[in-house]
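This report goes through a few parts of one model in turn. Please look over the sequence and the structure before reading on.

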Amino acid sequence: MTHSISLTVNGARRDLQLDDPRVTLLDLLRERLQLTGTKKGCDRGQCGACTILVDGRRINACLALAISHDGADILTIEGIARGDQLHPVQAAFIAHDGFQCGFCTPGQIMSAIGMMREAQAGDDPERIRECISGNLCRCGAYAGIVDAVLEVQTSEANQRRSA
Amino acid sequence: MKPFDYVRPASIAEAVAAAAQPGAAYLAAGTNLLDLMKGGVSRPDRLVDVTHLKGLDRIEHLADGSLRIGALVRNADLAHDTAFAKAYPAVAEALLSGASAQLRNAATLGGNLLQRTRCAYFYDPASRCNRREAGSGCDANGGENRLHAVLGWSEGCIATHPSDFCIPLVALDAIVEIEGKGGRRELPLDELHRLPGPTPERETALEPGDLIVAVRLPASARDFAGHARYLKVRERTSYAFAVVSAAAALKIENGTIGHARLALGGVAAKPWRARAAEAALKGASPETSAFREAAQAALADAKPSGDNAFKIELARRIVVRALTLAATGTPARIPALPASPFASGALHA
């Protein structure tokens, strides 16, 4: 049985036919829509490499059935820059050497963006570490990631104050 | 993952009818179920997707002072609801100590109550597991079992229940609302999960088709807001299941404990309510000697199920510390950080 779903992906509406309900959002993005920035790491919700924003909230795309997300608004790593202008979190990751390898980094950046939208961590480095602990990697960039998040949060707070 | 049919019911009655068929399973966020299906541990023929059902995602403060939480409320939304966290701080603390932000954003209340054990032998279809396949045996018994149960286990199953959220809920006398073939009924959360006994494959009191639609916290649960904590110890600083956890809640009147609530996680196949410890605390001064006595009472029936005798002493110490923290007072800000129980801070207003 074929199921029809409609998603908004990085601002564009996509109408899709699913022949098999087993397809996850992760596989749909990578295999059907060729948006391969979202990575398949463990595929079991443990590493965070597949983190995307669904209706503004970060989730593990590997543990989400596409068919169950009919109507959802999805943001992936491909959708955050404006043309050649990097998203502030991308720029801060570069400035603070927050990059892990290309496999983990997209999920880390999407997780950091989601964390800031949730606004639960404040400027406490311990809370930031906890809030981003759903992204596991054995590389060594964690300290840079925390610095990058702090910089973007401070910069955005200053902009709000001066606005 | 085995192929399955997918149905999206338009009403609770339709959902119950669809899920009552053999081989059917409810799908909410799927954060546990899809993981189990990918590993071949769960093999449903049909998924009944309840995430689009209307009206199950509300947090309602009822006129009688109780709180009703719909089964589709997401863990993160509940934990970050300011009024909720103020009235039931230990529950918010437990929610925030569980899993990762990504999983908390997706996972639902109903799914959390029905998540399966993380026993590695249950998760490995090549191992024998009475819980996964009735009568097949238990490879955890005699296997790698330092994290297994110390209370209420049977020869046939020594697995633990993994939830953090359920521990303070059980302590606070939460009620589960269930919609089934026979209509609506209610059950104390303490009676939802079963101990393994000779039938570990029967994990809950639910019948085929039963759908958890809400959980209620009685008005009395708010009485503990000023002295309530959830303390979780785990093997890394975040994003890990509890080795042992404790929810402690006290009502302190004129310098003595009027009422005490205590439940333990990571020690049994269900959230473990420690009623003997509660009785020992009633009327006592909130002091270490009383907390030690309560800890002895809470673990009086404990015995190792393998290499886990350390969990009994660990649980005693967690009980003493959780009660000490609760007596000190609920912090103004829910910590949700592993190091937080040792940090000081302003107290709950």
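How many bridges join E5(B) to strand E8 (residues 211–217) of chain B? There are 4 bridges, and the two strands run antiparallel. Helices (H or I, at least four residues) and strands (E, at least two) are DSSP runs, numbered from the N terminus, and two strands pair if DSSP finds at least two bridges between them.

The model is predicted: local features need pLDDT of at least 70, side-chain atom pairs count only at pLDDT 80 or more, and totals for chains, interfaces and linings use all residues. Residues are numbered from 1 along each chain as its sequence is written, chains are lettered from A and ligands numbered from 1 in the order in which they are written, and side-chain values use heavy atoms, with hydrogens and water left out.

**Strand E5 of chain B**

Opposite B:Arg68 stands B:Arg216 of E8(B). E5(B) also pairs with strand E4 (residues 59–61) of chain B, antiparallel and over 3 bridges; here B:His61 is opposite B:Leu67. The hairpin of E4(B) and E5(B) has 5 residues between the strands, and B:Gly65 takes a positive phi near 90 degrees in it.

In a regular strand the side chains alternate between the two faces of the sheet. Strand E5 (residues 67–70) of chain B is covered on both faces, with B:Leu67 and B:Ile69 buried on one side and B:Arg68 and B:Gly70 buried on the other. Buried means under 20% relative accessible area, exposed over 50%, and partly exposed in between (1.4 Å probe, protein chains only).

**Helix H5 of chain B**

Helix H5 (residues 89–97) of chain B is largely enclosed by the rest of the structure, because 9 of its 9 residues are buried. Among them are B:Pro89, B:Glu93 and B:Ser97. After H5(B) comes B:Ala99, with a positive phi near 55 degrees.

**Salt bridges**

A salt bridge is a side-chain nitrogen of Lys or Arg within 4 Å of a carboxyl oxygen of Asp or Glu. By this rule there are 35 salt bridges over all chains. The table gives some of them.

| Pair | N to O distance |
|---|---|
| A:Arg22 and A:Asp20 | 2.8 Å |
| B:Arg273 and B:Asp173 | 2.8 Å |
| B:Arg275 and B:Asp190 | 3.1 Å |

B:Arg275 lies in helix H10 (residues 275–281) of chain B and B:Asp190 in the loop between strand E7 (183–188) and E8 of chain B, so this pair ties together parts 85 residues apart in sequence. B:Arg275 is partly exposed at 45% relative accessible area. Salt bridges that share partners also join B:Glu60, B:Arg68, B:Glu177, B:Glu179, B:Arg184, B:Glu186 and B:Arg216 into one network.
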